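Welcome! Take a look at it first, and then read on.

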Amino acid sequence: MSDNQPMLSTSNLTCAFGVLRAVDGVSLDIRPGTMTGLIGPNGAGKTTFFNLLAGALKPTEGRVHFNGVDVTGMSPDRLFHLGLARTFQIPRPFRRLSVLENLLLAPPKQSGETLTGAIFQRGRMAREERALRDKAMGILDFMTLADLADQPAGKISGGQTKLLELARALMGEPSLILLDEPAAGVNPSLTNVLIDRIKELNRQGMTFFIIEHDMDFVMRHCAPIIALAEGRVVFEGTAQDAQADAGLLDAYLGTGVA
Amino acid sequence: MIGVISYLAFFGTVAAILAIAVLGLNLQWGNTGLFNGGVAAFFGAGAYGAMMLGGPADPQQLGGFALPYPIAFAGGIGLAALVAWAVGLLTLRLRHDYLAIATFGVAVALEAVARNAEWLTGGAKGMRGFPRPFEGLFADQFTYNLAFLGFVVIILIAVYAGLERLVRSPYGRVLRAIREDEVAARALGKNATRLRLEAFVLGSAIIGVAGVLYVSFYAFISPQDMAPILTFQIWAMLIVGGAGNNRGAVLGAFLIWGAWTSSGFLLSKFAPTAVQIYTGPIQYIMIGSVIVGMLLWRPQGLLPERIERTKTGNEAPGENASQG
Ligand SMILES: Nc1ncnc2c1ncn2[C@@H]1O[C@H](COP(=O)(O)OP(=O)(O)O)[C@@H](O)[C@H]1O
Ligand SMILES: [Mg+2]
């Protein structure tokens, strides 16, 4: 795909809950290789927008294209198969599965994942499992979670759970990852690990679309930056543009911005 | 002595049959988180299905068709699976509590059908005369009963082994993921709707196997045998044994069935007549108390679910022994 072609684009995307238009006619593009930031006050519609992109909600109006394919209204599982992965604002680990199992689960099209495969194709299943296990341990290592591989995912800290969600998403080899407030509620040292790993993945070519309240993080690492307020795009540009836009900072982001 | 062995064989046969049903429920609830409140319906479907196909002809009814045992066996399982598939299509989108109510309702409705559709099921008096398998091969009833126990135990072991394979595979892992968080499982590419339906149908088919064996053993089936108390008994067995653990499911079946039959025996033997007439209700209260007590004090059951551990300790440099 050429660099000018957006990886993801929405046109007039709208989601109404009754009279509340949580997302109201949003048209935007995510270019491959970027770390696009999405900011905006609480209730601006950011999470709802992600839910529309990931198929968790169906839009009232508008379209979504992913890698040139119209994916409007497509289910989350099919979108994941097409290479679109996401994490959740409030993490959703599989609590009574081990950390490692949380990762092993994610890759699509495992032969042991069907009834017949699990019962009759034992050799093939075992081979696949070994390969997945190596891959998963590599990713856990990269995310500094290797020591926790055997722990139940419900027993690790909130910050580690955020790392786990990203690790899990990586197992599916997506081309775009949506991160909903990855740093929220994470202690500073883990936040540094998280940011470092996201940057590294981005350097290797992964595209990210990130909702984040930590303005320091967004200003420093995200480009472009998109601001949402009351379901509408109110700003789109670089960190410098945002800094220059005093109105944006005051009106939508509050004070205390670095 | 023969009397004791005879009794133990009888007890073991019924307990093993119920254990198969508990294993089916464990696939649904223990592994997939599907709250099947209508276990009795699928048990009854298996039993009635086998009886209609394999039972003797009756001029007052549509069946039976006196078909060979394997066909009756497969037909009973098929009917249980078919009912589960239809119920699943309609109700599996429901949340836990609603799914429980819906499946309970289905079971009560099917029991009413069995009780009233005399042309099909013989009504309240039930259907009798199911030709018990391989009965001609054995000289006396005692030997036959031991052989039948062996037959049931072999099927129990086969079901257990098959389910263990399944739940230790990526398939079982996906089912547990759906149980833990369906939204997250979907976001990771899993078709939760299809998988839930599969697990529901497969679990119900296994409960149907138990129904088929039940009618094979007693040669008789009536609406009484698919009353709601059966659903509660099977649930008590799973909760006591340990949801999510197949060995726990089997253990729970034998323990609860032992408690059920011995309480019945003790009440009938030693309780004053005034109390004896309440044997049924007393046992119901007992089952209810066991369920509530376990959920309060040991919700994970006697043999809790185990979390899969890696077997790759040799790879990590020494300190991989993190344990929880
Ligand atoms: N499922 C829903 N039903 C009704 N209203 C919703 C639902 N989800 C979100 N909302 C509303 O939509 C608005 C946007 O919410 P959200 O997307 O979570 O905002 P953000 O993530 O930007 O904080 C809020 O007013 C919220 O209350
Ligand atoms: Mg949000």
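A residue counts as exposed when its relative accessible area is over 50%, and as buried when that value is under 20%. G43(A) has a relative accessible area of 74%, so it is exposed. Please keep in mind that this is a predicted model.

**G43(A) and where it sits**
- You will find G43(A) in the loop of chain A that runs between β3 (35-39) and α1 (46-54).
- Between the C-alpha atoms of G43(A) and F120(A) there are 50 Å, and the two residues are 77 positions apart along the chain.

**The surroundings of ligand 1**
- G43(A) also belongs to the shell around ligand 1, together with F17(A), L20(A), A22(A), P41(A), N42(A), A44(A), G45(A), K46(A), T47(A) and T48(A).
- By residue type, this shell holds five nonpolar, five polar and one charged.
- The side chain of T48(A) has a polar atom 2.6 Å from an oxygen atom of ligand 1.
- For T47(A), an N or O atom of the side chain is 2.8 Å from an oxygen atom of the ligand.
- A44(A) takes part through its backbone, where a polar atom is 3.2 Å from an oxygen atom of ligand 1.
- On its own, ligand 1 has 560 Å² of accessible area, and the protein covers 60% of that.
- Two elements of chain A, β2 (20-30) and α1, each give two or more residues to the shell.
- The biggest contributor is α1(A), with three residues.

**The largest cavity**
- Searching the whole structure turns up two cavities of 30 Å³ or more.
- The largest cavity holds about 40 Å³ of space.
- Its lining is made up of T87(A), F88(A), K162(A), E165(A), L166(A), L179(A), P182(A) and L194(A).
- Helix α6 (residues 158-171) of chain A gives the most to this lining, with three residues.
- Five of the lining residues are nonpolar, one is polar and two are charged.

**The second largest cavity**
- This one holds about 30 Å³ of space.
- The lining consists of G37(B), A40(B), F104(B), A107(B), V108(B), E111(B), M226(B), A227(B), P228(B) and T231(B).
- In chain B, α4 (96-116) and α10 (228-241) each supply at least two residues of that lining.
- The largest share, four residues, comes from α4(B).
- Seven residues of this lining are nonpolar, two are polar and one is charged.

Definitions and conventions. Residues numbered from 1 in each chain as written. Chains lettered and ligands numbered in written order. Predicted model: local features only at pLDDT ≥ 70, side-chain atom pairs only at ≥ 80, totals over all residues. Heavy atoms only, no water. 1 Å grid on protein atoms, 1.4 Å probe; cavity = no way out; pocket = protein on both sides within 12 Å on 5 of 7 lines; lining within 4 Å. Points joined across faces, edges and corners; volume = space filled by probe spheres on them. Nonpolar A, V, L, I, M, F, W, Y, C, P; charged D, E, K, R; others polar. Buried < 20%, exposed > 50% of the residue type's maximum accessible area, 1.4 Å probe, protein only. Near = heavy atom within 4 Å. Polar contact = N/O pair within 3.5 Å; in protein donor to acceptor, adjacent residues only side chain to side chain. Areas by Shrake-Rupley, 256 points an atom, 1.4 Å probe, with all protein chains shown as cover.
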